Amino acid sequence: MKEVLVNLAYLISASLFIFGLKNLSHPRTAVRGNMIGALGMLVAVLVTLLDRRIVDITTIIVGLTTGAVVGTVLALRVQMTAMPQLVAVFNGLGGGASALVAGTALYESLSGGGEPGFWFTASVVASGIIGAVTFFGSGVAFGKLQGIIKERPIRYSGEQVVKAVVFGLALFAGLLLIKNPDRTALYWVMILFSSVLGVLLTIAIGGADMPVVIALLNSYSGLAASATGFVLENSALIISGSLVGASGMILTNLMCKAMNRSLLNVLFGGFGEVVSTEEDIYEGKVKATSPEEVALILETARRVVIVPGYGMAVAQAQYAVRDLYNLLESRGVEVEFGIHPVAGRMPGHMNVLLAEVDIPYDKMKELEEINPTFEQTDVVIVIGANDVVNPLANTDPKSPIAGMPVLEVWKAKTVVVIKRSLSPGFAGVPNPLFAMDNTLMLFMDAKKAVQEIVNALKESS
Amino acid sequence: MDNFVMYLTVFVLAMFVGFEVITKVPPTLHTPLMSGANAISGITIVGALIASGSENTFLAKVLGLIALIFATINVVGGFLVTHRMLGMFRRKE
């Protein structure tokens with residue numbers, strides 16, 4: 001009887017997760033959605049504490065308190081610019097926890113004296129592999145985002161073979177474990193190979209492809225939880241895990257579409273090698289400008305679009321951008337933001353940074369919305385973005401970024417590009433935008449540049 | 001085996017529910033959706049609670065405790081940071 005009640009409670013919490021996610025995907029209900037999700041989690045935790053198997057409450061209190069303190073500090077103290085790293089860490093911890101729980105379940109089942117069944121061990125294997133890949137993959141992603149590991153993709157000849165072999169070894173260890181569940185060392189061998197696989201998979205991926213990777217790891221963390229649900233025969237875990245798996249896949253898919261590339265191409269493709277021949281498309285055509293000149297142009301503008309990229313995050317320029325936005329708005333200029341889906345290092349990265357400085361979210365326009373408006377725009381200010389405003393995507397079918405939807409900023413009257421140098425973006429291709437007649441280059445640090453434009457504007461009035 | 005097929009059914013149906021429920025997410029919500037969903041994947045905390053709190057070998061308990069700490073960071077941190085982020089999104093009054 002009691003077990004029925006427990007399972008009913010798990011059903012309630014799974015339903016709350018579904019409601020929560022539904023609400024979380026609409027702007028007006030998102031806050032409530034998150035709370036509903038948290039409530040679902042609370043129900044699940046409380047009902048689990050009533051489980052008769054739980055005899056040692058001290059360990060639980062130690063674990064819960066430590067985790068809650070660390071989690072709270074991380075969540076409240078993180079800078080918004082460091083959000084991609086934090087999401088990577090949380091993804092990794094979720095995956096790691098799932099793998100460990102599956103491992104413990106294996107030990108527990110063996111100490112009970114029984115012979116673990118085929119499906120049980122198979123689920124342990126699935127959970128272990130996905131969990132370890134998620135944990136170490138997220139670790140590398142964190143390292144890259146934090147600047148501890150080189151952001152450029154690390155590629156070498158025969159790398160796909162190496163990955164296939166390592167995956168094969170992990171799978172082989174898993175199959176052996178399924179045949180001999182009492183040889184627990186095999187579990188750790190499997191975890192070891194899966195961990196190496198997680199590192200190899202992510203180390204080969206460059207910074208600008210991070211949005212895809214983060215979304216994918218998000219999906220994996222869900223699938224790992226789901227696999228653990230099979231191990232524990234707990235449908236709450238299975239349902240919640242697959243919901244998260246689905247949500248991560250939706251985001252992964254959106255990110256891939258925004259780059260016009262398949263997931264396989266992002267994970268294994270040769271993107272990020274510098275293919276540029278550096279033929280001089282810039283020679284004699286690039287016009288450098290000064291903050292004062294930009295201020296002068298802005299004086300007469302009626303419509304301005306700001307296009308932020310990862311450079312804005314790196315330079316922490318969002319506060320300066322807010323000042324510029326406020327100043328222009330107070331003078332009756334219409335200002336909007338054009339945001340490319342893969343700008344930054346995780347899905348929605350630019351939106352979070354702009355929201356942090358109180359830019360209303362109806363001013364942040366999507367690609368499809370903003371593109372038709374460039375022709376009526378007086379000035380576009382590109383801040384630390386490159387590949388997402390590259391006209392080659394539309395014109396050169398041989399370019400690595402061919403077919404990628406881009407922000408067609410060159411249709412505006414004047415384009416100001418704030419960038420420290422002419423160096424190519426992540427895709428390694430030069431950007432003809434920089435050499436166009438209506439483009440002015442402002443070679444400066446993004447934050448300093450915007451601040452000086454603001455100052456020049458204030459002085460002239 | 002019977003159970004496995006039943007759980008597989010639950011898994012597949014829940015995937016479909018996920019794809020149906022999360023439709024047309026506006027880009028503004030990409031990050032909060034991701035971190036909120038991630039907090040939900042911390043549901044593995046349920047397994048970690050049982051692993052660390054039940055009669056177990058020392059090794060299993062240690063693993064369980066690590067899992068519990070990981071999962072709790074994931075859950076608490078995930079929901080909190082999502083809440084904090086969502087608080088920043090507002091319309092112009």
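I started at N38(B), which touches F90(A), N91(A), N218(A), S221(A), V244(A) and N74(B), leaving aside residues up to four places away in sequence (contact means heavy atoms within 4.5 Å). Before going on, I noted that this is a predicted model, where local features need pLDDT of at least 70, side-chain atom pairs count only at pLDDT 80 or more, and totals for chains, interfaces and linings use all residues. Residues are numbered from 1 along each chain as its sequence is written, chains are lettered from A and ligands numbered from 1 in the order in which they are written, and side-chain values use heavy atoms, with hydrogens and water left out.

I placed N38(B) in helix 2 (residues 30-41) of chain B; helices (H or I, at least four residues) and strands (E, at least two) are DSSP runs, numbered from the N terminus. Is N38(B) buried or exposed? N38(B) counts as buried, at 1% relative accessibility (buried is under 20% relative accessible area, exposed over 50%, partly exposed in between, with a 1.4 Å probe and protein chains only).

**The interface**

Next I looked up the whole contact, which takes 79 residues from chain B and 104 residues from chain A. The area buried between the two chains is about 8200 Å², and carbon and sulfur atoms give 77% of it (buried area is the accessible area, 1.4 Å probe, that two parts lose on being put together, summed over both). Y7(B), M34(B) and I43(B) supply 8% of the area that chain B buries against chain A, more than any other three residues.

I then checked charges and found one salt bridge across the interface of chain B and chain A (a side-chain nitrogen of Lys or Arg within 4 Å of a carboxyl oxygen of Asp or Glu). The side chains of K61(B) and D56(A) meet in a salt bridge at 2.7 Å, N to O.

**Helix 17 of chain A**

I spanned helix 17 (residues 446-460) of chain A: its 15 residues reach 21 Å from first C-alpha to last, close to the 21 Å expected at 1.5 Å a residue (the expected span is 1.5 Å times one less than the number of residues). A446(A), A449(A), V450(A), I453(A), V454(A), A456(A) and L457(A) are buried there. They cover an arc of only 165 degrees around the axis, which puts them on the same side of helix 17 (the arc is that of the directions from the helix axis to the C-beta atoms). Among the elements covering these buried residues I noted helix 13 (318-330) and strand 5 (414-419) of chain A.

**A charged network in chain A**

I finished with E336(A), which forms a salt bridge with K365(A), closest N and O atoms 4.0 Å apart. E336(A) lies in strand 2 (residues 334-339) and K365(A) in strand 3 (residues 364-366) of chain A, so the pair ties together parts 29 residues apart in sequence. E336(A) is buried at 11%, and K365(A) also counts as buried, at 18% relative accessibility. K365(A) forms a salt bridge with E369(A) too, at 3.9 Å, and E369(A) is partly exposed at 43%. Salt bridges that share partners join R303(A), E334(A), E336(A), K365(A) and E369(A) into one network.
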